[in-house]
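Subject: Structure handover, chain B

Hello,

Here is the structure we talked about. Please open it first, then read the notes below.

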Amino acid sequence: MNVAGADRNRRLITAGAGTALALVMGLALLAGFRLATQIRSSITALQTASELQTYPGVLTQQLTALRQRLETREYTGQAHAELAGTVGRFNGDIRQLATRGKLQSAQLQEAVQMWQAYRPVLAPILAFSGEPYVDTDAGSSLSESGKLYYGNVRQAQLLAKQNVGRLHRLLSAVTRSLEAQTSGAAARLRALLSGGVLAAFVLAAAAAYLQLTRIRHERAAREAQEQTRDILKTVREGFFLLDADYKIGSVWSEALTHIFDRSDFAGLSFEKLLENRVPPNTLATAMKYIKLLWGDRAHENLMKSINPLGQLEISMDNGRGGKETRYLQFDFHRVLGPKGVKHVLCSVSDITSNVLLAKELQEAQENANAQVDMMVGMMHVDPLQLGSFLDTTQTGLQLINAILKEPARTDAEFRKKLGGLFRELHSIKGEASALNLMSIAQRVHRLEDMVSELKKKAELSGNDFLPMVLKLDELLAHLRGVREMATRLTALKDSATSGADAPRSSAAERPGGRSGEDLTPTMQALAEKLGRDHRKAFRLTLSGLANVPAPYVATVKDCLIQMLRNSAVHGIEPCEARRALAKSDVGAVRVDFRRSGDGYELVFEDDGAGISPQALKDAAVRKSIITAEEAASMDTRSAMALIFRPGFSTQEEVTMDAGRGVGMDVVARTVYGLGGKIGVSTNPGRFTRFKIVLPAAEAASSAVA
Amino acid sequence: MSVGQVNGAGGRRSLKLLIVDDSNIMRRRIERSQQFEELEVVGTAGNGIEALEMFHKTDPDMVTMDLTMPQMDGIECISKLVQLKPAVRILVISALADKATAVEAMERGANGFLNKPFTDRQLNEAIAELMS
């Protein structure tokens with residue numbers, strides 16, 4: 001503002017000085033012109049005066065010549081004419097000098113007076129005409145008029161002779177005075193011209209100075225422009241001005257081009273800038289906000305606090321034909337002019353990485369919290385059980401991976417894949433829940449959800465399985481984390497107990513040598529959890545589980561988990577129902593593992609609702625596992641066998657523990673795989689009993705291998 | 001700009017305030033927490049319709065306005081109040097924290113926006129800004 005004012009003042013001063021100088025020069029030229037005109041007339045006068053001063057002499061000579069001719073009776077015509085001419089010129093010139101030359105001097109006045117004295121004398125001479133001579137016998141003699149003429153000539157000649165010196169001096173003086181006058185004027189003209197030249201020099205110097213100043217200013221302005229350009233080119237934020245029509249001005253920062261992948265901003269309306277990149281209602285809010293910025297209703301701080309574009313999610317082309325999401329932060333500042341808001345300065349920055357980082361941090365925080373929860377959970381789990389779980393899960397996930405990699409083309413093949421995946425996932429989830437490792441159980445549950453979603457799809461393709469691969473990787477990474485943590489926990493526990501207690505006996509060192517891990521704590525923990533989760537009260541009695549041979553531990557565990565879950569969800573009734581049936585409030589679940597002949601026998605029994613063959617048949621028909629006709633012709637035994645069919649479950653609601661249609665079929669499959677047998681007996685309203693017979697462990701290990 | 005009228009007795013400027021909120025507790029909280037001597041609470045209302053009635057009765061200079069209310073919500077009420085008296089100054093006090101709602105309220109004619117929950121200091125600052 002100040003710089004501009006000073007600049008304007010300087011310009012006014014220089015323009016004023018320039019005009020004054022030009023005016024001076026004009027006046028000098030005008031005066032010079034007048035002087036030159038004056039000098040010209042002075043020179044003419046001088047020429048006249050110079051000629052004039054010769055006239056008295058010439059006149060005297062001519063009068064003398066005329067007198068002599070009259071005396072010698074010679075021809076006088078020529079001399080008379082010359083005299084008349086001289087008198088005429090004398091007369092004219094002196095009058096001209098006296099009047100036109102505007103010369104006022106005593107000498108000229110005197111000369112004029114003297115000349116006036118000549119005139120009466122010369123007048124009769126000039127008036128004479130005719131022949132001054134008469135011819136007589138004695139020769140030519142003066143006629144009467146001739147005598148008079150002669151007398152006049154003589155008188156004039158005498159006057160002229162008498163006055164010639166004086167008149168000549170007077171006229172010379174006039175000439176000198178004129179000369180002085182002219183040279184004076186010439187000197188003035190010279191001075192004037194010098195002044196003019198000086199003024200011209202000054203003007204030229206001033207013009208040069210002005211030009212230099214202008215160049216300096218232009219350079220400064222250019223530098224300022226360059227600096228502005230550099231700033232706009234380098235700054236990472238997008239900057240632009242919005243006018244009262246919400247249109248972008250002609251200057252904007254380079255970053256804007258990268259942020260919006262376009263460069264035609266000048267004159268572009270703000271609405272067009274965001275159109276198709278944000279949802280319509282967001283755009284409408286944005287435009288309302290911008291409109292509010294032009295009003296004076298809200299303070300700057302309030303406007304800042306309600307800025308709806310502080311973190312704007314926009315969708316941009318990613319250059320590969322798709323869309324990508326970016327987060328932009330808009331800030332608005334009013335630019336005030338004398339008449340209120342002149343522009344709105346808008347700055348935009350791409351805060352995508354910040355937003356994503358914040359999200360990652362949040363996720364990391366959640367993960368950390370989950371890990372702490374898990375660690376607390378793991379502290380209550382026997383390290384041996386945990387290790388065994390992790391090993392089994394690792395194997396299970398490898399199996400899942402193998403299933404995913406299996407080549408498949410037809411829809412049936414894909415669906416078979418899904419079935420396989422489902423069973424393995426379900427089994428892992430069951431174990432994780434049993435150990436209360438909820439972080440793992442939830443992850444597997446999500447994978448199961450994905451499989452369920454895929455099952456609903458009409459058509460399946462290989463691509464549908466890709467998201468599962470990613471989730472599976474995540475689960476594997478999580479398991480690695482769990483394993484690491486387990487190692488650390490074990491190390492921690494060992495260091496805390498070393499020296500104090502005798503080292504815990506590991507499974508291999510248990511009496512019997514060939515027995516695997518004791519499943520009792522795992523099952524009790526699972527029972528407690530299931531009771532809690534499903535609000536069922538039951539007591540689990542376990543016997544012989546410490547003697548399960550190592551090759552059967554995993555199988556027995558899988559089977560028990562599944563059967564225990566089924567009991568908790570389907571079998572054991574709620575307290576009120578039990579009371580109504582005159583049963584004790586607390587249900588009983590009994591598990592017995594014992595040697596039987598060459599092999600082993602596992603009996604699982606609960607005193608719950610039992611299984612109704614009709615209910616099984618209805619469910620199987622509903623799930624299209626069998627047709628209604630098949631159901632009608634089915635006997636009780638075959639109906640009970642439905643429970644071992646793949647995809648069968650009577651629980652409608654999907655929970656973490658049951659209801660996904662996988663369960664007893666997994667158990668049956670595993671048992672058959674080991675060369676064993678499974679059977680079920682039930683009495684509706686009284687009990688359900690599963691009996692699993694397994695061959696000798698040696699045979700099983702060879703079968704597994 | 002100052003709105004209001006000169007009181008006969010002391011010659012002190014007095015601004016009439018109407019409090020609109022469907023929560024009785026919130027109405028009392030605003031009334032008690034505001035610390036301006038020149039503000040005189042002339043009425044309270046629990047919804048938009050009551051607010052309009054009280055507005056006709058008391059002709060307030062300032063209004064604190066809740067947005068989520070039964071019968072007539074705050075946004076609609078703001079439009080009506082501004083139509084009745086363009087010079088009225090309205091402070092929106094709402095738990096709706098999204099910026100779009102704030103912009104909408106401002107567009108309808110509100111002059112300030114305060115998010116619930118608020119501290120006494122925030123309330124007084126918002127009122128002071130409204131009075132300036």
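**Confidence**

In chain B, confidence is lowest in strand E1 (residues 5-6), at a mean pLDDT of 41, and highest in strand E4 (residues 62-65), at 95. The pLDDT is the predictor's confidence in each residue, from 0 to 100. Over residues 1-11 of chain B the pLDDT is below 50. Beyond near neighbours in sequence, that stretch has 13 contacts in the model. Two residues are in contact here if their C-beta atoms, placed from the backbone, lie within 7 Å. Chain B as a whole averages a pLDDT of 86, and 90% of its residues score at least 70. For the complex, the predictor gives an ipTM of 0.83 and a pTM of 0.47.

This is a predicted model: local features need pLDDT of at least 70, side-chain atom pairs count only at pLDDT 80 or more, and totals for chains, interfaces and linings use all residues. Residues are numbered from 1 along each chain as its sequence is written, while chains are lettered from A and ligands numbered from 1 in the order in which they are written.

**Fold of chain B**

Chain B has 5 helices and 6 strands. Helices (H or I, at least four residues) and strands (E, at least two) are DSSP runs, numbered from the N terminus. From the N terminus on, the order is β-β-α-β-α-β-α-β-α-β-α. Of the 132 residues of chain B, 37% count as buried (20 or more other C-beta atoms within 10 Å of the residue's own, placed from the backbone). Among contacts in chain B between residues at least 6 apart in sequence, 59% join residues at least 24 apart.

**Helices H2 and H3**

Helix H2 (residues 48-58) and helix H3 (residues 74-84) of chain B pack at an angle of about 20°, with their axes 9 Å apart. Axes are lines fitted to C-alpha atoms over the stretch in contact, and angles run from 0 to 180 degrees between N-to-C directions. So H2(B) is roughly parallel to H3(B) (angle under 35 degrees). Among the residues that meet are Leu52(B) and Phe55(B) in H2(B), and Leu81(B) and Leu84(B) in H3(B).

**Where chain B touches chain A**

11 residues of chain B are in contact with 11 residues of chain A. Helix H4 (99-108) and strand E6 (112-115) of chain B each supply at least two residues of that side of chain B. The largest share, 7 residues, comes from H4(B).

Best wishes

Definitions and conventions:
Buried ≥ 20, exposed ≤ 12 C-beta atoms within 10 Å, placed from the backbone. Parallel < 35°, antiparallel > 145°, perpendicular 65-115°, else oblique.
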